[in-house]
Each structure stands twice: as C-alpha cells, then as structure tokens.
Amino acid sequence: MSNINTLADNGTNKTGQNNIIVNGEGSDLSNTKALQGRAKRKTITQIMMLNLIVIAQENGEPELEKSYWNTYYCQQNIVTADGRLYGKYCKNRFCTLCCANRKAEMINKYYPIMKDWSEPFFLTLTVKSCKAHQLKGYINSMLKTFQKIVEKHRKRNQRGTGIKLVGVKSLESNFNPKTKTYNPHFHIITKEKWMAEVIKKEWIGRSKKGYAVHWCQKIKPITNLETGLIEIIKYGSKIFTEPDLKKKAKQTDTAHIYLKALDTILTAMKGKRIFDRFGFNSPNDDSPQQYPAKLLADYREWEYDTKNSDWIETTTGEVLTDYKIPSHLQAILENNINSTKH
C-alpha cells in the first residue's frame, strides 16, 4: 500500500536548482502492476475532470471548478529516485489517484481496531430515490437521522441504562440514468449484529412513511472484515467506478460515465463527511499525519502526457509505466461520457 507523498512547492530542477525536497516514503518503482494502475487512474481522472470543469463553469460553481482543476493536475509531475516515486496529491475525495491512497490509509488506521470485533455485521440503509434538486435535502435529513440514533444510545450508555452503538459508516449515492433519479444510502459496519438490527429498526421508525421500506434495508454477516472495510472506504458515487470500467468491448454500448449526475452528487455532498466512525476513538484521530522530508540530489523528473496515458521523462522521453489503455476503456472514455443526463 502506497503512502501519500508530496513534492515541496519549490526546489525543482526546472528552476535551475540541483536539489529537491520531497515528503514521505514514496511508492515502490519495482511494482509494475501498481504503476500501471496509477497510470490508468490518472488517465480516467484527467478526462473526467475536463468534462466536469465545463459543467462547473456552466453551473456557476467556481469552488468546484477550482477543485476539478486541482484534481486534473494531481500527480501531473513526479520525480523518481532510489527506486521510489514521489508526487504531489490533490487529496480531493473524487480523485481516483487520491482515493487509492486514502483507502490504504484508512484500512491501516481502522482495521487493527475492528479486527477484534467478535461479530461484525454489514448494514445498508437507504431511502426512496429522488430527483436531482432533492438530493441535498435527502442527504442532510439522512445524516441528521443517523446522528439522532447514535446520540440516543450514547446518552443511554452515559446514564448506565444501555450500550452505545459502535461502528463505521460511509455515505454514497447511485444514479439511475433510466429514471434520472438518485439513491443516497449508508454502508455501515457494526461491532455486533444486534447493533445493526437496532439501527435498522430505528431508521425505519424515524423515516416518513414509504421513504425507508423494510425490505430495502439489508443486514448480512461479514466473513472478511478487510474486504468489508474496503467496500465502505471509497468515494461516495458509483458513476465512474466499477463495474463499468471493467466491461468488455462488446458491452461498451451500455457502459457510460454520467458526469452531470456526478457533479450533482458532488454538489450535494459538499462539506459532508463521507466516511465516519461512531462509538469509538481511533488512534491519532486529532493529530495530522506527518511525513518525513528528505533532500534528493540525484533524481529524474517525469511529466504526464495525455496522448501516451503515461509519464514521460523530461530529458530522455522515456515512458515510466508502459501502460496501454485497454480498447474497452478507451471506447468508454471516448464515446460514452454523458454530460447531459441529471
């Protein structure tokens, strides 16, 4: 698992200096599969961001437009030295490059605690689908309702009349291109089964009639905790994620990336905590993560080239990963990006 590593704001060869300061341990250059995965994510992200920038401009969303540009340039320039790779990350929640790092960090942070849970269960809470203009209100209501449930049992525990609820949750939303509706929902892992059952019951009871029907709320045991944790530590939209990007060439007619819908979800989720814990403290929760700085005197500089879907060595023209974009993915990115449906 790679760590987040950033270039310093100054000290590059392009300004005539001989040394450069980098932060972090860097990523392993010998892991070809990981490097090509990085190139794939960079390729997808840049194409998506260019389209999202246009949408943000049309909608008058300057803050989102700025964030999209930052993500467009994420890992644009990198350096390598001593078998390691260093680059600057945008850290935006919708960046596929940063999400891969965030997933690794969150697993390292929470898995050591959760692995001791005797009976973890997976819970999905949802409400009925809504239109684009309703999504923000739905999400706000869902977050408030869940917080009320947790607070109720926390206070009971403090009074000695109950047990607090313990778990982690993530907020997500799907988009249905046929009905042009959105389905916001929570993915939750609870410490014990009864906690999932209590949350489900109260979720239904606190929702307006018909908004959270019983059969849509799912509870199931977790057989592999790390897999379950990975499932909920991800960005809150399936608009541009699997399985669409794994579909074969003959299926690309039905595989699309709905960027207008994605922008709607990003706007509705702005300022919201996508992943959160409840009922327990995590190590170093309030301490910002520190990455050691080091000075490099012997290094190589690379710049991402859109035409090659790869990083090119600025002096020799050598490619870094030798990534070749699969034909089915190229077809999706060239022909099946939909920026109108919302």
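This is a predicted model: local features need pLDDT of at least 70, side-chain atom pairs count only at pLDDT 80 or more; totals for chains, interfaces and linings use all residues.

Student: How far apart are the end C-alpha atoms of helix 4?

Tutor: They are 35 Å apart. At 1.5 Å a residue, its 24 residues should span 34 Å, so the two values agree.

Student: Which residues of helix 4 are buried?

Tutor: Leu135, Tyr138, Ile139, Met142, Thr145, Phe146, Ile149, Val150 and His153.

Student: And what do those buried residues pack against?

Tutor: Strands 5, 6, 7 and 10, along with helix 5 and helix 7.

Student: Take helix 7. At what angle do the axes of helix 4 and helix 7 cross?

Tutor: Roughly 40°, with the axes of helix 4 (residues 135–158) and helix 7 (residues 259–269) coming within 9 Å. That angle makes helix 4 oblique to helix 7.

Student: Is the crossing left-handed or right-handed?

Tutor: The crossing of helix 4 and helix 7 is right-handed.

Student: Which residues meet there?

Tutor: From helix 4, Leu135, Lys136 and Ile139; from helix 7, Thr264, Ile265, Ala268 and Met269. The contact divides into 5 nonpolar residues, 1 polar and 1 charged.

Student: Zooming out, how many helices and strands does the chain have?

Tutor: There are 8 helices and 14 strands. Of the 342 residues in the chain, 46% are buried.

Student: What share of the contacts between residues at least 6 apart in sequence join residues at least 24 apart?

Tutor: That share is 73%.

Key: Residues are numbered from 1 along each chain as its sequence is written. Side-chain values use heavy atoms; hydrogens and water are left out. Axes are lines fitted to C-alpha atoms, for helices over the stretch in contact, and angles run from 0 to 180 degrees between N-to-C directions. Helices (H or I, at least four residues) and strands (E, at least two) are DSSP runs, numbered from the N terminus. Angles under 35 degrees count as roughly parallel, over 145 as roughly antiparallel, 65 to 115 as roughly perpendicular and the rest as oblique. A crossing is left-handed if the near helix is turned anticlockwise from the far one by less than a right angle, and right-handed if clockwise. Contact means heavy atoms within 4.5 Å. Ala, Val, Leu, Ile, Met, Phe, Trp, Tyr, Cys and Pro count as nonpolar, Asp, Glu, Lys and Arg as charged, and the others, Gly among them, as polar. The expected span of a helix is 1.5 Å times one less than its number of residues. Buried means under 20% relative accessible area, exposed over 50%, partly exposed in between (1.4 Å probe, protein chains only).
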